[in-house]
Amino acid sequence: MSMSTSSHDTPGTEAGADLSLRALTKKFGAFTAVDELDLEVGSGRFFALLGPSGCGKTTTLRMVAGLEEPTSGRIVLGGDDIGRLKPYKRPVNTVFQNYALFPHLDITENVAFGLRRRGVKDVKNQVQEMLDLVELGAYGGRRPAQLSGGQQQRVALARALINKPRVLLLDEPLGALDLKLRRQMQIELKRIQTEVGITFIHVTHDQEEAMTMADTIAVMNKGVIEQMGAPADLYDNPATTFVSNFLGQSNLVSAEVAGRRAEEIVVDVNGSKVGAPASRARRTEGTVWVGVRPEKVFLAAAGEETADGTNTLPGGVVSDVSFIGVSTQYLVEMPWKQELTVFEQNTGARDGFRPGDRVDLHWATAHTFLLDADQDAHAGDESYAALAGAAS
């Protein structure tokens, strides 16, 4: 069974594909880490492999780098099959989370290492250009221990880029940095990739990191790619419950398809009719999950009127209120005892709700998506998995 992005979404080969993985498989004994993966990465893209621990993303990266040998399948780079080449013969470089800098060499010599290894004589100008690119032009004479974690990560990046690889592989490169520095480096990495125009393939488990930097994301789960596309497309129109939960949060409510109205699918949620665009329906008959993102939902006091073109679920009771700075998170218990999540920006435009308040939930029909109810509603929800693990 060959799975490209999955049985759910199977895009065609990108024009100008730089890297092609064809039926790539890696087995460790009876365990299949990567399962007949087909993938095309276009030249000059910032591409992210996103998924939880153990999904196969790092194993995929290591096979491209030559650090793991595939069980089967091909790795084609720029039209050449590189799957059997030694790592140092592949036109790729890898930046790891731990930087792997040489502590006894200064920054200039760390960056120059690859060029000197190939016998390049005059490296001074090239090294200075790379240090300027990563905004460390004045740090060439320092040792790695004299730099911060973020600066060391920039040195590792410069050392990889100076070799002018066709593809730069980044394995959780920001994982060792604190939150504020990580966010700064996300912006810097995107700037550098845009400036040098080299294909970046970035492995991460951090959804925000992938959405901030990548122009294309492949969401991996259990050795296959569930869905691939632009960050906004995956977020707004997830193909599976796993993607809807792993990439942000979703409210998923069981419903029965009741019919069709023009370009809308109408479903019945506990007696309330809810509409969804047909273009965002992964299933159009029988039982479905109705999905809506928490920030798309508007809370109103029970019984208040709402505008045309919106969906309404009445009868909620606020069960919890959490102030989280820019927004407030509400948990609302519905009549069928399911708790739904609502995020509201703290604009100060109106008073908030309190636990026990009776409310109705409203959201635009256009923000609704329908998923196959045969899928686990909690797939990809790491917080649920953690709670379930703690309870067992």
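The second largest pocket holds about 450 Å³ of space. Of the 20 residues that line this pocket, Gln249, Ser250, Thr341, Asp381 and Ser383 are the closest to its centre. Two or more lining residues come from each of helix 8 (241–246), strand 11 (251–261), strand 17 (327–333), strand 18 (339–345) and helix 9 (382–391). Strand 18 gives the largest share, three residues. Sorted by class, the lining of the second largest pocket has 12 polar, five nonpolar and three charged residues. The model in which these features are found is a predicted one.

The largest pocket holds about 780 Å³. Its lining is made up of 24 residues, and Tyr88, Val92, Asn93, Arg117 and Asn163 lie nearest the centre. The elements that contribute two or more residues to this lining are strand 6 (92–95), helix 2 (107–117) and helix 4 (149–161). Strand 6 provides the largest share, with four residues. In the lining of the largest pocket, 15 residues are nonpolar, five are charged and four are polar.

The unreviewed UniProt entry marks residues 19–247 as "domain: ABC transporter".

Strand 3 covers residues 46–50, and five of its five residues are buried, so the strand is largely enclosed by the rest of the structure. Phe46, Ala48 and Leu50 point one way from strand 3, while Phe47 and Leu49 point the other way. Strand 3 is paired with two other strands, strand 8 and strand 9. With strand 8 (residues 199–204) it runs parallel, and five bridges join the two.

What form does the pair of Phe46 and Phe200 take? The two rings are tilted, at 5.4 Å centre to centre with 50 degrees between the planes. This pair links distant parts of the chain, as Phe46 in strand 3 and Phe200 in strand 8 are 154 residues apart. Phe46 has 0% relative accessibility and so counts as buried. Phe200, also with a relative accessible area of 0%, is buried.

A second aromatic pair joins Tyr330 and Phe353, whose rings are edge-to-face at 6.1 Å centre to centre and 75 degrees between the planes. Tyr330 lies in strand 17 and Phe353 in the loop between strand 18 and strand 19 (358–364), so this pair ties together parts that are 23 residues apart in sequence. Tyr330 counts as buried because its relative accessibility is 3%. Phe353, at 14% relative accessibility, also counts as buried. The count of aromatic pairs comes to four.

The last stop is a hairpin. Strand 12 (residues 264–269) pairs with strand 13 in the antiparallel sense over six bridges. Val269 stands opposite Ser272 of strand 13. Two residues lie between the strands of this hairpin, and Asn270 takes a positive phi near 50 degrees. Strand 13 (residues 272–277) is mostly covered, with five of its six residues buried.

Definitions and conventions. Residues are numbered from 1 along each chain as its sequence is written. This is a predicted model: local features need pLDDT of at least 70, side-chain atom pairs count only at pLDDT 80 or more; totals for chains, interfaces and linings use all residues. Side-chain values use heavy atoms; hydrogens and water are left out. On a 1 Å grid over the protein atoms alone, a cavity is a set of points where a 1.4 Å probe fits but cannot get out, and a pocket is an open set with protein on both sides within 12 Å along at least five of seven lines; lining residues have an atom within 4 Å of a point. Grid points are joined across faces, edges and corners, and a volume is the space filled by probe spheres set on the points. Ala, Val, Leu, Ile, Met, Phe, Trp, Tyr, Cys and Pro count as nonpolar, Asp, Glu, Lys and Arg as charged, and the others, Gly among them, as polar. Buried means under 20% relative accessible area, exposed over 50%, partly exposed in between (1.4 Å probe, protein chains only). Two strands pair if DSSP finds at least two bridges between them. UniProt positions are given in the numbering used here, feature names are shortened, and annotations may be inferred rather than shown by experiment. Rings of Phe, Tyr and Trp (its six-membered ring) pair if their centres lie within 6.5 Å; planes under 30 degrees apart count as stacked, over 60 as edge-to-face and the rest as tilted.
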